[in-house]
Amino acid sequence: VEGRPPDDVSDDVLIRSALAGDDEAFAVIVRRYEDIAFRTAFVVLRDGDAAADAVQEGMVRAHRALSRFRREAPLKPWLLRIIANRARSLARQTQRHEELALAAYEAHPPASPQSAEDQLTAAEEQQELMDAVNELSERDRVAIGLYYFLELPEREIAEILSVRLGTVKSRLHRARGHLRDRLERGST
Amino acid sequence: MPRRDRLSDAELDRRLRALDVEFPKAPHLDQAVLANLRQPKPRFPWRVAIVLALLAALVASTSVIAGAFGIGPVRILFEGSMATPNGVARSIRSTLGQRVDIHTAQSMVGFPLEIPRSLGMPDETYVLPTGIVSFIYHARDGLPAIDNSDIGLLMMTIAGDTDPGLIGKIIHEGQTTLEAVSVGGLPGYWITGEPHVLWYRMPDGRESQVQSRLVTDSLLWQGVGVVYRMESAAGEQHTIELASELDRVP
């Protein structure tokens with residue numbers, strides 16, 4: 001599209017352009033981060049449509065708050081913090097989150113009977129762990145989701161959740177303890 | 001069912017990392033966001049708000065103007081496109097009244113002062129003649145600086161009557177959003193967007209105002225006989241956590 005900034009422009013240049021009134025520059029930022037933003041919102045909401053709403057509304061809020069962004073800081077955690085806040089607000093408003101669950105992909109077709117048996121066991125273990133994750137409190141589940149499923153570093157998670165680094169570590173530690181207890185007990 | 005062997009940390013870690021979570025495909029939202037950004041903004045409420053804010057500046061603190069939104073004795077008046085003054089973070093202290101130590105402040109007001117337990121005693125305490133007590137906590141780990149200032153959190157305690165009939169609204173107005181939240185079971189609002197003016201009714205029945213000075217988000221909630229307000233850049237969840245752990249000043 002004529003007039004649209006190329007996708008390889010740095011965040012800082014895009015931010016400056018967006019602050020100068022170039023909405024297309026902000027659209028490039030949206031495209032650049034919409035995937036990780038959507039996954040972040042999905043970890044909180046566990047609903048694709050709601051996660052898309054959270055990202056859209058969060059991006060609009062981010063655009064409005066762009067003048068307050070400290071440009072020496074990385075953009076991604078700041079954006080994801082706004083998205084995560086919006087997702088948590090939506091979760092409280094909709095009150096549907098108890099009905100929803102994260103799911104794991106099914107295993108690929110087996111190559112042999114022996115591998116089929118192994119695969120069944122692995123799939124059962126995976127499902128059991130997924131169920132256990134879904135039984136965690138929202139705080140613990142989100143910490144686990146951001147750390148293990150989105151592979152974000154603890155310091156970035158702290159920034160996204162607006163908590164101290166130690167709080168992230170303690171939530172992960174507590175969540176692992178709950179998961180271990182749950183797996184030890186087996187399915188109930 | 002027999003109990004299984006306890007998983008080692010390493011094994012649990014491995015299994016969590018191997019979990020192939022089924023994320024839906026992220027939709028492309030850039031055009032939807034663009035369309036939203038290009039929507040004309042509502043004009044009428046903002047013009048009204050600007051006029052009211054200008055009137056407020058003229059009629060000083062005993063004005064009887066009341067906004068449509070509020071909590072407890074407080075009404076919230078949005079300033080719309082009226083930007084906060086330059087250097088507001090530095091000059092905020094001059095609007096908070098007399099600087100005193102916290103125990104002097106306690107002796108000057110008729111309600112018990114409370115502070116967030118995990119933050120402890122504030123770095124600075126101020127009292128206004130109207131009985132508003134303000135605590136400033138300097139920026140630190142977990143309390144990011146507000147608006148390039150040295151302030152990490154500003155907490156105000158405002159004495160006044162309560163009016164629970166106004167609680168529980170969720171209002172989206174222009175670029176400012178009020179979100180109804182619960183603070184330890186007490187009703188409140190999380191306010192994001194433009195600076196705003198709070199109108200409140202003092203215990204003697206007169207009305208007064210507090211103007212938002214810092215360009216950041218704020219939390220407003222109702223206590224027993226008082227209304228609390230926190231301005232913070234720490235995010236909604238952390239601010240609500242701090243607000244939920246108030247303890248009497250020792």
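Two residues are in contact when heavy atoms of each lie within 4.5 Å. By this criterion, residues 24 or more positions apart account for 62% of the contacts in chain B with a separation of 6 or more.

This is a predicted model, in which local features need pLDDT of at least 70 and side-chain atom pairs count only at pLDDT 80 or more, while totals for chains, interfaces and linings use all residues. Residues are numbered from 1 along each chain as its sequence is written, chains are lettered from A and ligands numbered from 1 in the order in which they are written, and side-chain values use heavy atoms, with hydrogens and water left out.

## Chain B

Chain B has six helices and 15 strands; helices (H or I, at least four residues) and strands (E, at least two) are DSSP runs, numbered from the N terminus. Of the 250 residues in chain B, 51% are buried. Here buried means under 20% relative accessible area, exposed means over 50%, and partly exposed lies in between (1.4 Å probe, protein chains only).

Thr125(B) belongs to strand β5 (residues 124–127) of chain B. Its relative accessible area is 4%, and therefore Thr125(B) counts as buried. Apart from neighbours within four places in sequence, the contacts of Thr125(B) include Gln98(B), Val100(B), Ile102(B), Val133(B) and Phe135(B).

Ile240(B) lies in helix α6 of chain B. With 13% relative accessibility, Ile240(B) is also classed as buried. When residues up to four places away in sequence are not counted, Ile240(B) touches Val181(B), Ser182(B), Val183(B) and Leu219(B). The C-alpha atom of Ile240(B) is 8.8 Å from that of Trp190(B), although the two residues are 50 residues apart along the chain.

## A helix of chain A

In chain A, helix α1 (residues 11–19) contains the buried residues Asp11(A), Leu14(A), Ile15(A) and Ala18(A). Viewed down the axis of α1(A), these buried residues fall within an arc of 100°, so they line one face of the helix. The arc is that of the directions from the helix axis to the C-beta atoms. Just after α1(A), Gly21(A) has a positive phi of about 105°.

## The interface between the chains

The size of an interface is often given as the accessible area lost when the parts come together. Between chain A and chain B the buried area is about 5,300 Å², and carbon and sulfur atoms give 54% of it. Such an area is the accessible area (1.4 Å probe) that two parts lose on being put together, summed over both. Chain A brings 60 residues to the contact and chain B brings 54 residues.

Twelve residue pairs, both at pLDDT 80 or more, are in polar contact between chain A and chain B. A polar contact is a pair of N or O atoms within 3.5 Å; within protein, one must be able to donate a hydrogen and the other to accept it, and residues adjacent in sequence count only if both atoms are side-chain atoms. On the side of chain A that touches chain B, at least two residues come from each of α2, α3 (48–65), α4 (75–94), α5 (113–134), α6 (138–149) and α8. The largest share, twelve residues, comes from α2(A).

## Salt bridges

A salt bridge is a side-chain nitrogen of Lys or Arg within 4 Å of a carboxyl oxygen of Asp or Glu. The whole structure holds 18 salt bridges over all chains, and four salt bridges are counted between chain A and chain B. The table gives some examples.

| Residue | Partner | N to O distance |
|---|---|---|
| Arg31(A) | Asp30(B) | 2.7 Å |
| Arg171(A) | Glu241(B) | 3.2 Å |
| Arg180(A) | Asp9(B) | 2.3 Å |
| Arg14(B) | Glu11(B) | 2.9 Å |

Arg31(A) forms its salt bridge with Asp30(B). This pair crosses between chains, from helix α2 (residues 23–45) of chain A to helix α2 (residues 30–37) of chain B. Asp30(B) is buried, at a relative accessible area of 7%.

Arg171(A) is paired in a salt bridge with Glu241(B). This pair also crosses between chains, linking helix α8 (residues 165–185) of chain A with helix α6 (residues 236–243) of chain B. Arg171(A) has a relative accessible area of 4% and is therefore buried.

Arg14(B) and Glu11(B), by contrast, both lie in helix α1 (residues 9–18) of chain B, three residues apart, about one turn of the helix. Both are partly exposed: Arg14(B) has 46% relative accessibility, and Glu11(B) has 26%. Elsewhere, salt bridges with shared partners join Arg139(A), Arg171(A) and Glu241(B) into one network.
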